[in-house]
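Open the model in your viewer and get ready to select residues by number. This tour tells you what to pick next and what is there.

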Amino acid sequence: MFHIFQYQPLRLITQTSLSSMCLKLMLSRPVAFAQMWKSWFSSHSLLGKKNIILMGPPGAGKTTVGRIVGQKLDCPVIDIDDDVLETTWNMSVSEKLQDVGYEEFLEEEGKALLKFSASGSVISLSGSNPMHAAGMQHIKKNGIVVYLDVPTTVIMSRLKSKEMDRIVGLSPGISLKDILQFRKQFYKRWFDIRVLCGGDIAAEVVAEKVLGAVKRYQDSELETFISTRSSRSGRSTEEDSHKLYFSDVVTQGLALDGGLFVPERGLPKFTAEEWQSLIEATYVERAQAILERCIHPADIPASKLAEIIETAYGENFSCSKIAPVRHLAGNQFLLELFHGPTASFKDFALQLVPHLFAYCIPRSCNYLILVATSGDTGSAVLDGFSRLHDTDKQRIALVNFFPEDGVSPIQKSQMIGCQKENSWSVGVKSDFDFCQTAIKQIFTNSDFTGFLTVEYGTALAAANSINWARLLPQIVYHASAYLDLVHQGIISFGSPVDICIPTGNFGNMLAAFYAKMMGIPIRKCICASNENNVLTDFIRTGVYDLRGRKLISTFSPAVDILKSSNLERYLHLIANEDGQLVTQLFNQLENQGHFQLWKDLLGKLQQDLVAGWCSDEDCLAAIHSVYSTTGYILDTHTAVAKVVADRLQDRTCPIIISSTAHYSKFAPAILRALRIAEINQNPLSQLHLLSSYSALPPIHWGLLETLKKTGNGDHQVCAADMSALMSHIEILIQNHFM
């Protein structure tokens, strides 16, 4: 693991007990040292000399849970309020608070914490301890801080039946809810592990969750990744010893055998109570809770992950709800995924992934990110990587390949306008499938990648949805949409929903299926295709057949795709992780242009997925119909999903339609759907014309600003030739890094 120095538990060890020999090994061979460290830690007890430090708001159950954990570990239990503060002050906490007042109380509490030390104990903090920085830094040095995250409404309900004179900060004009909300920022700053606690969860259950979370924190060996084409039974001892972790797969992107990375032990599963504890949470809070369980803290500590998530979804989105759910008609709801800076669902991953990538990669190497796009990914990835810190831009650059004549005029203008000093767009005289296949071939060309590393000190990486990190943020918004319906009272938790997604590369659909696996009650995932309906045929028949198929240019270009990369991950999953079968299927697809699933696999697939497709004519008709009846304008991809949802839903449960892009990105098609006779070819003029309709939602702010800046911006154009693409890559490396 490249950033082993950033792992908080390791920092504690190096500061106190590493010999000079170990320190030398850490500096010279970080991967070998990481393996030695993990081996050492796994041979020790769960606690050792460290403390388990329970943190959370008053009423979270820290004292009770602490006693149970202490009993299970047969170790000392210390309650800061009762055993430290009241002993030190020789008076009760409430008396001290009344005596000195709020601000002085926090200072006195912090001073007492600074004088306190313990090892091998379970410590229950007071609710206000985390508000004293120096005191928390002191106690955290020899402990693992576990945050008991209890919903605010649950805490308020619990405290109603208790004396409230010990709530620090409570006074006339300041509500308990305000205090609890204010304190969350301090809890988030200090915790190493979060334990989600629902309303009726027993203390015994919370204690077990704490112990499980601490064990996971100490042992990242369980969270390794494999290729979809690897054979467990045929792996060598050497392959088993070279384990890959989240930071490795983010950096590497594509497996050396041409497969895609997946977690070896699958994704974490949330209980119903854990999901329900997130119903009141904001989108950012939900993202933090979900991604913390998918990314081991040895790769990215919780505090750093929180910082990255808040940066990604802070001021960059125009809607405070980030991914709002809007009622469309009947039992249909729209999940609006276009409020990011480049107006498509790709922003959810690509505002986040650049920061994950910058954190995970080694500092000793430059990286060039390769991206292939059918439209929306291009501007999103260019914008995302342009927001990195300047120091990161110097060592991370990006080149975006897109079909020169296969995207909308506005999409092309966006990609040109989003170019920055470390990122470029290159139009390729071919289609998206060529661009995507070319990138895969470049990654598996060891002669070329080795040459770039030796000659220029530059490694290649991928930011397409073939990169595992791209999928995780998409899981979040599917889960969040369901929780929003519960929060709005549309459904109760546990009631099923269907999800319909316009599908090209299968990443968005796969993320919805992953959300289902993690515990979100999704019944059916409906795959909506345009006239490039290879996925629809495959889901209906089990035959993936590209023979004789030509890519058709449609009004929904982001799903003008014939080879759906992320389908490989799904097939690997339902085939019980049979890498040999996956290799056989996709080699046959590559060499013969088709493959067919066995009957039992097709049966599994059809339990999860249903599919339909939509013509351009029906797409435009749907846009016109929805606008006429509701005043809402669908983009062309969402219209494809709407048509398919109308045909396939059985109306026995709500259906969430993923609205994957803002309609203003496809202005010519939208104006045609609205039956405007004369359409100006200038993209900016088209947007101004659309804005005159006063429709919902309004014209996208970020898109309008980008087009105003674009003017006659330039971009490079490349022939559909592997040698030409590789030459472009080498020249860009020379110009940026040398």
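## Stop one: a lysine in a helix

Select Lys346, which sits in helix α17 (residues 346-350). Helices (H or I, at least four residues) and strands (E, at least two) are DSSP runs, numbered from the N terminus.

Before you go on, know what you are looking at: this is a predicted model, where local features need pLDDT of at least 70, side-chain atom pairs count only at pLDDT 80 or more, and totals for chains, interfaces and linings use all residues. Residues are numbered from 1 along each chain as its sequence is written, and side-chain values use heavy atoms, with hydrogens and water left out.

Is Lys346 buried or exposed? Lys346 is buried, at a relative accessible area of 12%. Buried means under 20% relative accessible area, exposed means over 50%, and partly exposed is in between (1.4 Å probe, protein chains only).

Now show the contacts of Lys346 (heavy atoms within 4.5 Å). Leaving out residues up to four places away in sequence, Lys346 touches Asp376, Thr377, Ala380 and Arg470.

An unreviewed UniProt entry places the feature "modified residue: N6-(pyridoxal phosphate)lysine" at Lys346. UniProt positions are given in the numbering used here, feature names are shortened, and annotations may be inferred rather than shown by experiment.

## Stop two: salt bridges

Side chains of opposite charge can pair when their charged atoms come close. A salt bridge is a side-chain nitrogen of Lys or Arg within 4 Å of a carboxyl oxygen of Asp or Glu. How many salt bridges does a search of the whole structure find? The search finds 30.

Select Arg194 and Glu292. Their side chains form a salt bridge (2.8 Å, N to O). Arg194 is in strand β5 (residues 193-196) and Glu292 in helix α15 (residues 283-294), so the pair ties together parts 98 residues apart in sequence. Arg194 is buried at 12% relative accessible area, and Glu292 is buried at 9%.

Next, pick Lys209 and Glu274. The closest N and O atoms of this salt bridge are 2.3 Å apart. Lys209 lies in helix α11 (residues 203-218) and Glu274 in helix α14 (residues 272-276), so this pair links distant parts of the chain, 65 residues apart. Lys209 is buried at 19%; Glu274 is buried at 6%.

Move to Arg549 and Asp537. They form a salt bridge, with the closest N and O atoms 2.3 Å apart. Arg549 is partly exposed at 26% relative accessibility, and Asp537 is partly exposed at 27%.

Finish with Lys72, Glu204 and Glu208, which a network of salt bridges links.
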